[in-house]
Amino acid sequence: MSNIQLIIEERAASIGNFMVGRLLPFRQKRMIGPFSFIDHMGPTKLNERENLDVLAHPHIGLSTLTYLFEGSIMHRDTLGSALEIKPGEVNWMTAGKGIVHSEKTPDHLRHSDKVLHGLQIWVALPKDLEQMEPSFVHISKEELPTWNEGDSQFTLIAGKAFGRESAVPVYSPLYMIEIKSKARTELSLGDQLFGESGIYILEGGIEEGGNTFGPKQLLVAKDHSLCTFTMEANTTIYIFGGEPFPEERFINWNFVSSDKALIEKAKDDWINQRFDKIAGEENEYVPYPSFKR
């Protein structure tokens, strides 16, 4: 019997001048544990005239997690952070009471051909930390726990699982795990996970409960155990999950909160340009979308 409760297919969405595959939120499943938003970027080939240019935009009530498979992105924010993220590294930006950041193709790549491919994720903050001070942390790939089990390689990108802990400073019980299989292999994660759980298939395929699933599908489990499933050779999956919050989370554009009043204040502050500005990008920003008013 299958332990899969829901299958979410990627849906095309625009983030300015760049198209992504959106996985969360979904009308039948708004969050998985504290994970409130998951976008699959690319893989997209960009020529010397094409670049990623996500201008300055605000966030509240969440942490963003950027994880690249190919390419690089230049991150800048109102804390003064200015850092290029490359494949296998993690950018972890906590918005708390409010932060503004931009994401662009680095200057040294803007006039050449390049590929961009990765995941953009929002993790909601616990209610008592939604108004915390903002922060930014960059984690190198060497700081992420990586190990092999048989023909599978595991990387713990964030949180705690399998008796290990990522260097990413999360604020609630959660996990984000990358698993790559070289050969067809059966996995039984048993009681290694907790809370709610989902599997995103980046490439290859898995079999579970007599069913076969393929790329660009997010499989939401009935419970965290995920039972037993088989990964085909050359498959890459990401497991997201953790303890869900007792309170509902509301999402309006780039704002996440358990309190609609905080979202309304953030919206008004952005429309009237009360947020801090990124040094050198004072006149570049994404307007609040009129359809959201």
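Student: What makes the pair formed by the side chains of His-101 and His-59 a polar contact?
Tutor: Keep in mind that this is a predicted model. The side chains of His-101 and His-59 make a polar contact at 3.2 Å. The cut-off is 3.5 Å between N or O atoms, so the pair qualifies.

Student: Where is His-101 found, and what is it in contact with?
Tutor: His-101 is found in strand β10, residues 99-104. Leaving aside neighbours within four places in sequence, its contacts include Leu-55, Ala-56, His-75, Asp-77, Met-93 and Ile-278. His-57 and His-59 are on that list too.

Student: Which sheet holds β10?
Tutor: An open sheet of four strands, in the order β5-β10-β7-β8. The pairing is antiparallel.

Student: Why are β5 and β8 said to stand at the edges?
Tutor: Each has a single partner strand, so one side of each is left without a neighbour in the sheet. Strand β5 covers residues 53-59. Neighbouring strands of this sheet are turned by 20° against each other on average, direction ignored.

Student: How do you know that β7 and β8 pair?
Tutor: Four bridges join β7 (residues 73-77) to β8 (residues 82-85). Pairing needs at least two bridges, so the two strands pair. They run antiparallel. One example is Met-74, whose bridge partner in β8 is Glu-84.

Student: What lies between β7 and β8?
Tutor: Four residues, and the two strands form a hairpin. Gly-80 in the turn has a positive phi of about 100°.

Student: What does the record say about residues 24-123?
Tutor: UniProt, in an unreviewed entry, places "domain: Pirin N-terminal" there. Over residues 24-123 the chain is 0% helix and 59% strand. The end C-alpha atoms are 11 Å apart.

Student: In what order do the strands of the open sheet containing β17 run?
Tutor: The order is β17-β22-β19-β20, with antiparallel pairing. The edge strands are β17 (185-188) and β20 (211-213), as each pairs on one side only. The twist averages 25° from one strand to the next.

Student: How do you know that β19 and β20 pair?
Tutor: Three bridges join β19 (residues 206-208) to β20. At least two are required, so the pair counts. Ile-206 stands opposite Phe-213 in β20.

Student: What is the phi of Phe-162, and why is this residue called buried or exposed?
Tutor: Phi of Phe-162 is near 55°, a positive value in a residue other than glycine. Most residues other than glycine have a negative phi. Phe-162 sits in the loop between β14 (152-161) and β15 (164-165). Its relative accessibility is 13%, against a limit of under 20%, so Phe-162 counts as buried.

Student: Why does Lys-216 get the label partly exposed?
Tutor: Its relative accessibility is 43%. That lies between the 20% and 50% limits, so the label is partly exposed. Phi of Lys-216 is near 65°, again in a residue other than glycine. Lys-216 lies in the loop between β20 and β21 (217-221).

Student: Which residues have the most contacts inside the largest nonpolar core?
Tutor: Leu-65, Val-90, Leu-119, Ile-121, Met-176, Tyr-238 and Phe-240, in a core of 29 residues. Met-176 touches Phe-35, Leu-65, Leu-119 and Ile-157, among others, not counting residues up to four places away in sequence. Another core, of 21 residues, lies apart from it and includes Phe-154, Ala-161, Ile-237 and Ile-239.

Student: What kind of peptide bond joins Leu-24 and Pro-25?
Tutor: A cis bond, with omega about 0°. Pro-25 is in the loop between β3 (19-24) and β4 (35-46). A cis peptide bond also joins Gly-42 and Pro-43, with omega about 5°. Pro-43 is in strand β4.

Notes:
Residues numbered from 1 in each chain as written. Predicted model: local features only at pLDDT ≥ 70, side-chain atom pairs only at ≥ 80, totals over all residues. Heavy atoms only, no water. Axes fitted to C-alpha atoms, helices over the stretch in contact; angles between N-to-C directions. Core = buried A, V, L, I, M, F, W, Y, C linked by side-chain atoms within 4.5 Å. Buried < 20%, exposed > 50% of the residue type's maximum accessible area, 1.4 Å probe, protein only. Contact = heavy atoms within 4.5 Å. UniProt positions renumbered as here; feature names shortened; annotations may be inferred. Polar contact = N/O pair within 3.5 Å; in protein donor to acceptor, adjacent residues only side chain to side chain.
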